Amino acid sequence: MALLRSVVVGCGAYLPETIVTNAALAERGIETSDEWIVQRTGIRQRHIAGPDETTSVLGTKAAQAALDEAGLSPADIDLVICATSTPDHTFPSTATQIQAALGIEGGFAFDLQAVCAGFVYAVATADRFLSTGGAKRALVIGAETFSRIVDWEDRTTCVLFGDGAGAIVLEARENDASDRGVLTSCLRSDGRHRSKLYVDGGPGSTGTTGKLRMEGREVFRFAVGSVTDVIEEAFRTSGTTADDLTWFVPHQANRRIIEASADKLGIAREKVVLTVDRHGNTSAASIPLALAAARSDGRIKEGDLVMIEAIGGGFTWGAALIRW
Ligand code: ACO
């Protein structure tokens with residue numbers, strides 16, 4: 001049997017209309033400044049969801065945009081994975097709500113929770129189903145409403161996050177000379193780091209949603225070393241190097257982490273797709289939002305070699321290499 005590859009055939013995104021600048025946060029009484037936030041993180045603004053914009057609402061719009069780019073209808077999809085840490089409800093999954101909102105009646109849908117690494121985990125998971133014949137076409141979505149779980153009284157964390165959603169459509173195709181598709185992925189986690197980045201509530205513990213807590217410096221320290229390890233593994237297993245990359249699309253948490261990682265790996269700065277200035281950290285949504293931005297402005301083209309990578313709470317981290 002010919003080798004099956006998971007090929008990206010569509011990409012889309014959705015951002016809530018309301019934009020909150022750093023200056024607006026300071027005006028709302030948060031003891032911070034545009035200068036502090038820009039210098040430490042590169043973030044200038046973030047989008048914040050309105051009261052009726054739940055994660056499934058954002059995810060559905062991003063998924064529809066990805067289907068539109070692919071020229072496909074919802075009935076063509078037989079797998080929906082939604083990476084999120086801010087589901088509409090404890091259950092049913094946000095993915096099933098998106099499935100219903102799109103009018104998809106067949107196949108299967110589930111949420112995937114790996115915090116900011118969720119989209120990379122979701123791509124790797126969808127790829128396993130598609131490349132083994134378990135599904136034909138997958139919607140892989142990253143959707144978040146982190147504005148609902150940040151503590152707006154805690155200036156060390158609330159200024160960092162934003163809301164949004166992005167999605168890709170992956171289609172199982174027989175591998176051909178174009179070499180398109182997910183070439184490799186590498187996932188890792190280490191639960192011993194729980195206390196460095198977590199939410200202090202949950203259905204099985206406090207019975208509340210809880211608020212995000214983070215030891216920023218500790219996360220920063222761990223981030224650069226760990227993501228470069230998985231990216232190097234992805235290069236090794238695919239027989240590629242930093243020079244072969246067309247685009248580097250990292251999780252958008254912090255400009256300094258992104259640039260330090262790119263420099264350590266020898267990835268030229270002009271290959272780095274940066275959206276953290278406009279979107280802030282949208283957790284599992286940040287990579288597909290960045291992919292959609294680079295796709296719609298004409299940077300990412302068919303045949304380009306694209307590396308995605310992320311690290312999130314847990315810690316969880318991973319990388320995937322895609323021939324677009
Ligand atoms: N505005 C102004 N001052 C602030 C703010 C703020 N929003 N937040 C903290 N400060 C102050 C602190 O109180 C401290 O003041 P002090 O020196 O008087 O005590 C000072 O700024 C320095 O604080 P630090 O926490 O040491 O600042 P640091 O340089 O480490 O930057 C930051 C903090 C931006 C959070 C940084 O540690 C970081 O980027 N870490 C990585 C975080 C991250 O990327 N997390 C997400 C990855 S995983 C995921 O996406 C879920």
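**Figure 1. The open sheet of strands β8, β13, β12 and β11.** Two strands count as paired if DSSP finds at least two bridges between them. Strands (E, at least two residues) and helices (H or I, at least four) are DSSP runs, numbered from the N terminus. The structure is a predicted model, in which local features need pLDDT of at least 70, side-chain atom pairs count only at pLDDT 80 or more, and totals for chains, interfaces and linings use all residues. Residues are numbered from 1 along each chain as its sequence is written, and side-chain values use heavy atoms, with hydrogens and water left out. The sheet shown here is open and has 4 strands in the order β8-β13-β12-β11, with mixed pairing. β8 (181–189) and β11 (247–250) each have a single partner strand and stand at the edges, so one side of each lacks a neighbour in the sheet. From one strand to the next, the twist averages 10°; axes are lines fitted to C-alpha atoms, for helices over the stretch in contact, and angles run from 0 to 180 degrees between N-to-C directions.

**Figure 2. The pairing of β11 with β12.** Strand β12 covers residues 305–312 and pairs with β11 in the parallel sense, over 4 bridges. Trp-247 is opposite Val-306 of β12.

**Figure 3. Helices α7 and α10 across the sheet strands.** Contact means heavy atoms within 4.5 Å. Helix α7 (residues 216–238) lies across β8, β11, β12 and β13 (316–323), and runs at about 145° to β12. Helix α10 (residues 286–296) lies across β11 and β12, at about 155° to β12.

**Figure 4. Strand β7 and its partners β1 and β6.** Buried means under 20% relative accessible area, exposed over 50%, and partly exposed in between (1.4 Å probe, protein chains only). Of the 12 residues of β7 (residues 163–174), 10 are buried, so this strand is largely enclosed by the rest of the structure. Strand β1 (residues 4–14) pairs with β7 in the antiparallel sense over 10 bridges, and Tyr-14 stands opposite Ala-165 in β7. Strand β6 (residues 137–145) also runs antiparallel to β7, joined by 9 bridges. Here Leu-139 is opposite Val-169 in β7.

**Figure 5. The surroundings of the ligand.** The ligand is surrounded by 21 residues, and the closest are Thr-32, Arg-40, Cys-116, Asn-254 and Asn-281; a residue is near a molecule if one of its heavy atoms lies within 4 Å of it. The side chain of Thr-32 has an N or O atom 2.7 Å from a nitrogen atom of the ligand. For His-251, a side-chain N or O atom is 2.9 Å from an oxygen atom of the ligand. A polar side-chain atom of Asn-254 is 2.5 Å from a ligand oxygen atom.

**Figure 6. Val-120 in helix α5.** Val-120 belongs to helix α5 (residues 118–131). The residue is buried, with a relative accessible area of 0%. Not counting residues up to four places away in sequence, Val-120 touches Leu-187, Ile-287, Ile-308, Glu-309, Ala-310, Gly-318, Ala-319 and Ala-320. The C-alpha atoms of Val-120 and Asn-281 are separated by 15 Å, and the two residues are 161 residues apart along the chain.

Conventions
Polar contact = N/O pair within 3.5 Å; in protein donor to acceptor, adjacent residues only side chain to side chain.
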